[in-house]
Amino acid sequence: MSTNNNNINNNSDIHSIHNNNNNKRSSHYSARSGVIALLLLGVSCFSAMPSISALASPAARKVVVFGGTGFVGSAVCERLVKKGYNVVGLSRRGTNPKPGDEYLDQVKWVVGDALNKNTVKEVVKDADAVVHAVGLLFDVESGLDNLNTFVSGSGSLPGDDSTYDNITRKTMFNVVEAVEAKSNFFSKNKKTPLCFVSCAEAGWPDVALGPQVEEYLAPDWLRKYLKAKRSVETRLNESKGIRPVIFRPSLIW
């Protein structure tokens with residue numbers, strides 16, 4: 001596995017992880033751990049003078065994870081709790097995916113729809129950092145949505161309105177707007193870290209033969225999937241009121 005890190009216009013952190021190993025556990029662990037590492041990087045930047053001590057005493061810091069009951073989201077919640085953060089996990093289910101788990105039992109689980117702007121604003125208003133881990137591989141317009149039963153690590157199935165545009169772009173735009181609304185004159189130097197789980201394929205335009213692969217080989221559903229991911233990345237890079245962190249893992253299945 002190789003990790004490539006790139007900074008985009010000094011405001012955003014974009015990290016891509018490409019894993020050629022067929023071992024599922026290795027791939028999943030890399031993706032989850034990468035999100036945590038990038039989030040902690042962002043949280044450390046709250047201080048005007050970031051230091052190790054900023055991460056050593058996280059108890060007073062609250063992190064909201066959208067899609068917290070999902071496969072990646074629940075792992076992010078678990079690791080954040082282990083690090084000592086106060087964690088809120090929001091999803092349509094809003095229940096602990098692993099009742100009895102030592103760490104997930106400490107998460108505050110909230111029922112909510114990230115498509116609802118008021119819900120999003122309420123849950124992030126006092127958050128120190130935010131993670132968006134809402135997503136699905138096959139939306140209702142792909143014609144392959146029944147396959148989510150097999151490819152979804154959490155067993156989550158799409159609803160009637162679960163399009164890539166709704167699940168990825170609209171939910172994340174709501175989160176971005178809510179986090180931006182938290183900014184004021186006194187918080188100019190304390191931008192809230194916001195981590196978005198994108199995908200490695202979103203970077204195809206920047207690699208050799210990537211554009212050709214997407215144009216001639218990628219199915220229509222995948223192009224729509226990438227369009228939603230890239231629109232969010234663009235929105236994040238244009239934001240002035242947040243500390244954007246974009247994570248591009250390889251396929252998580």
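Tutor: Accessible areas here come from the Shrake-Rupley method with a 1.4 Å probe, and for residues only the protein chains shown count as cover. This is a predicted model, where local features need pLDDT of at least 70 and side-chain atom pairs count only at pLDDT 80 or more, while totals for chains, interfaces and linings use all residues. Residues are numbered from 1 along each chain as its sequence is written, and side-chain values use heavy atoms, with hydrogens and water left out.

Student: What does the accessible surface of the chain come to, and what share belongs to carbon and sulfur atoms?

Tutor: Happy to start there! The total for the chain is about 12700 Å². The share that belongs to carbon and sulfur atoms is 51%.

Student: How many of the residues count as buried, as a percentage?

Tutor: Buried means under 20% relative accessible area, exposed over 50%, and partly exposed in between (1.4 Å probe, protein chains only). Applied to the 253 residues of the chain, the buried share is 50%.

Student: How many helices and strands does the chain have?

Tutor: Both are DSSP runs numbered from the N terminus: helices are H or I with at least four residues, strands E with at least two. On that basis, the chain has eight helices and eight strands.

Student: Which residues form the aromatic pair with 70° between the planes?

Tutor: Good one to look up in the viewer. Rings of Phe, Tyr and Trp (its six-membered ring) pair if their centres lie within 6.5 Å; planes under 30 degrees apart are stacked, over 60 edge-to-face and the rest tilted. The whole structure holds two aromatic pairs. The one you ask about is edge-to-face at 4.9 Å centre to centre, and its members are Phe-138 and Trp-221.

Student: Which helices does the pair of Tyr-164 and Tyr-225 tie together?

Tutor: Tyr-164 and Tyr-225 are edge-to-face, 5.4 Å centre to centre with 80° between the planes. These tyrosines are 61 residues apart in sequence, Tyr-164 lying in helix 6 (residues 164-181) and Tyr-225 in helix 8.

Student: Is Leu-209 buried or exposed?

Tutor: Leu-209 has a positive phi of about 70° although it is not a glycine. Its place is the loop between strand 7 (192-197) and helix 7 (210-216). Because its relative accessibility is 60%, Leu-209 counts as exposed.

Student: How many disulfides are there?

Tutor: The rule asks for a pair of cysteine sulfur atoms within 2.5 Å. Cys-77 is buried at 0% relative accessibility, and Cys-195 is buried at 0% too. By the distance rule, the disulfide count is zero.
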